[in-house]
Amino acid sequence: MAEQDDWQREFDLRWADSAEHKEPSARARMLAARWKENPPDPIPFRADPASPGGSRRSSWVSTAVVLGCVAALIVLLGYAQMRSPY
């Protein structure tokens, strides 16, 4: 029973979380070492609207595509129901 208490005490998460010094993860250490030599360029929160990242469709084109797909599905289902025997 004493061994189980020692085991629980050793792996108690609250004990680990209350540690004064927490070692960073391996990825955090790797990035810190990499960025010390070559810091990353700042990245804006939102991309510049004039950036050549790709053109966006206007909202009416997207709406027309969705409505066209819905209409085609309705026609297809109506055709399938008309061809099926009762």
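These legends describe close-up views of one predicted protein model.

**View 1. Overall fold of the predicted model.** The protein has four helices and zero strands (DSSP runs numbered from the N terminus; helices are H or I with at least four residues, strands E with at least two). The elements run α-α-α-α from the N terminus on. Of the 86 residues, 1% count as buried (under 20% relative accessible area; exposed is over 50%, partly exposed in between; 1.4 Å probe, protein chains only).

**View 2. Confidence along the chain.** Mean pLDDT is 80, and 74% of residues reach 70 or more (pLDDT is the predictor's confidence in each residue, from 0 to 100). Helix H1 (residues 2-10) has the lowest mean among the elements, 66. Helix H3 (residues 26-37) has the highest, 93. Where pLDDT is low, the predicted coordinates should not be read in detail.

**View 3. The salt bridge between Glu-23 and Arg-29.** The whole structure holds one salt bridge (a side-chain nitrogen of Lys or Arg within 4 Å of a carboxyl oxygen of Asp or Glu). Its closest N and O atoms are 3.0 Å apart. Glu-23 is exposed at 62% relative accessibility. Arg-29 is partly exposed at 40%.

View 4. Ile-74 lies in helix H4 (residues 59-83) and is exposed at 56%.

**Notes.** Residues are numbered from 1 along each chain as its sequence is written, and side-chain values use heavy atoms, without hydrogens and water. Local features need pLDDT of at least 70, side-chain atom pairs count only at pLDDT 80 or more, and totals for chains, interfaces and linings use all residues.
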